[in-house]
Amino acid sequence: MLASDTKDNGKTIKGVLKQLVLNPDGFTSALAADGLRLIMRGEATDAQIGGFLTALRLGGVGWKPEMIAALAAESHSRALVPSLETDTLCRNDLGMIVDIVGTGGDGWSTFNISTTSSLVVATAADLRVAKYGSRASSSNCGSADLLEAMGCNLGAVGPSDVVDLLHANKFCFLFANTYHPGMRYLNNTRRELGFPTPFNILGPLTNPVVPDRAVVGVYSKHLGPVMAEALKILGRRNYAVVCGDENLDEVSIAGTSHVWHIQQDGEIKNYTIHPDDFGVPTHPLSAAAGSTLEENKATLQRLLSNRPEESDIPIRDFVLVNAGFLLFVSGVVESMKEGAELARSTLESGKVRDMLDNFAGATQKL
């Protein structure tokens, strides 16, 4: 049977495509989820996948929170979700789980700020960091690339390993491809299309652990309220969506950043923050640019060993504001300045390097 003839409760990928192309105004979030379900089950041809992605893009689905939430929910429903309980551990033993993650695609190619910030936060406070990420796509060095260069065997970390790693090390990296195997059907087509689709922004919404709190960076200020509303629809609370004024998918070290902060009651508060709020000086983004994998690894090693060179200071300060903001959002500190101070003292202590070495050693034993 051809993929185009395969049915899902009476629906076919061809039928979903017809609705999407011929009746876009009547295309619903449920139909979007149906289309993704069929694709992730391997029941669509490459041509059909390309048509689906292109039509979603032309239909502006990436700017519709209910559509984004539906696609994210469908993706999560087909993910390999780690159990956070064992015979001797229950979910409450782990305490609060957090993440700091961005959409990518902002074009700035900065250093691995969220990855380094996640290591600092895991060491600084009584939090567990479930860092969700992948290899480089729009930069020279992705989060997985950097951690593997630091000795982590990320490919060995399966769903059954997550709870023990979080408990023992307070940190775990979740490789996107491992936990969302169905997404492999879209990868080649997305690369060949060469333009962004709504799936470029799904990553931060699909951490299979579903952290209790998170900082989520987006590459466009216009996308900020859309992402926040999608997170709200998905039931996430105490999440902060951020975008630097330069359309940067992190808290900017260069100046103002915009925040859409989802409160416990679901209200979305919009405000701005600045490095001044953290007691940290500003630096141009060009001073915090990433480089090759080898050079980024050397920079991270200097930072974690508290031996920064002068050229590392903007990157270090960039980490302080992002780690400090996650500590603030997580309720560990009462002010952003206090968060940056805690991040600084933790980084300077050398304990972050110890934590990373322990995590890397644990992954090598899997």
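This briefing describes the strands, helices and selected residues of one protein model.

The model is predicted: local features need pLDDT of at least 70, side-chain atom pairs count only at pLDDT 80 or more, and totals for chains, interfaces and linings use all residues. Residues are numbered from 1 along each chain as its sequence is written, and side-chain values use heavy atoms, with hydrogens and water left out. Seven strands form an open sheet of mixed pairing, in the order 5-4-3-6-7-8-9. Helices (H or I, at least four residues) and strands (E, at least two) are DSSP runs, numbered from the N terminus.

**The sheet**

- Two strands are taken as paired if DSSP finds at least two bridges between them.
- Strands of a sheet pair through backbone hydrogen bonds, in either a parallel or an antiparallel manner.
- Strand 5 (171-175) and strand 9 (268-273) stand at the edges; each has a single partner strand, so one side of each is left without a neighbour in the sheet.
- From one strand to the next, the twist averages 20°; axes are lines fitted to C-alpha atoms, for helices over the stretch in contact, and angles run from 0 to 180 degrees between N-to-C directions.

**Strand 3 and its partners**

- Strand 3 (residues 97-102) is mostly covered, with five of its six residues buried; buried means under 20% relative accessible area, exposed over 50%, and partly exposed in between (1.4 Å probe, protein chains only).
- Strand 3 runs parallel to strand 4 (residues 128-133), to which two bridges join it.
- G102 has G217 as its bridge partner in strand 6.
- Strand 3, helix 6 (residues 113-124) and strand 4 make a right-handed β-α-β unit; a crossover is right-handed if, with the strands pointing away from the viewer, the path from the first strand over the helix to the second runs clockwise.

**Strand 4**

- Six of the six residues of strand 4 are buried, so this strand is largely enclosed by the rest of the structure.
- In a regular strand the side chains alternate between the two faces of the sheet.
- Both faces of strand 4 are covered, as R128, A130 and Y132 on one side and V129, K131 and G133 on the other are all buried.
- Strand 4 and strand 5 run parallel and are joined by five bridges.
- The bridge partner of Y132 in strand 5 is L174.

**Packing of helix 1 and helix 2**

- Two packed helices are described by the angle between their axes and the distance between the axes.
- Helix 1 (residues 13-22) packs with helix 2 (residues 29-40) at an angle of about 145°, and their axes are 9 Å apart.
- The crossing of these two helices is left-handed, a term used if the near helix is turned anticlockwise from the far one by less than a right angle, with right-handed used if clockwise.
- Helix 1 contributes I13, V16 and Q19, which meet L31, D34, G35, L38 and I39 of helix 2; contact means heavy atoms within 4.5 Å.
- By class, this contact has five nonpolar, two polar and one charged residues; Ala, Val, Leu, Ile, Met, Phe, Trp, Tyr, Cys and Pro count as nonpolar, Asp, Glu, Lys and Arg as charged, and the others, Gly among them, as polar.

- S345 is found in helix 14 (residues 336-349) and, at 40% relative accessibility, counts as partly exposed.
- A343 is also found in helix 14 and is buried, with a relative accessible area of 0%.
- Leaving aside neighbours within four places in sequence, A343 is in contact with V120, L320, A323, G324 and L327.
- N169 lies in helix 8 (residues 162-169) and is buried, its relative accessible area being 9%.
- Residues up to four places away in sequence not counted, N169 touches M355, N358, F359 and A362.
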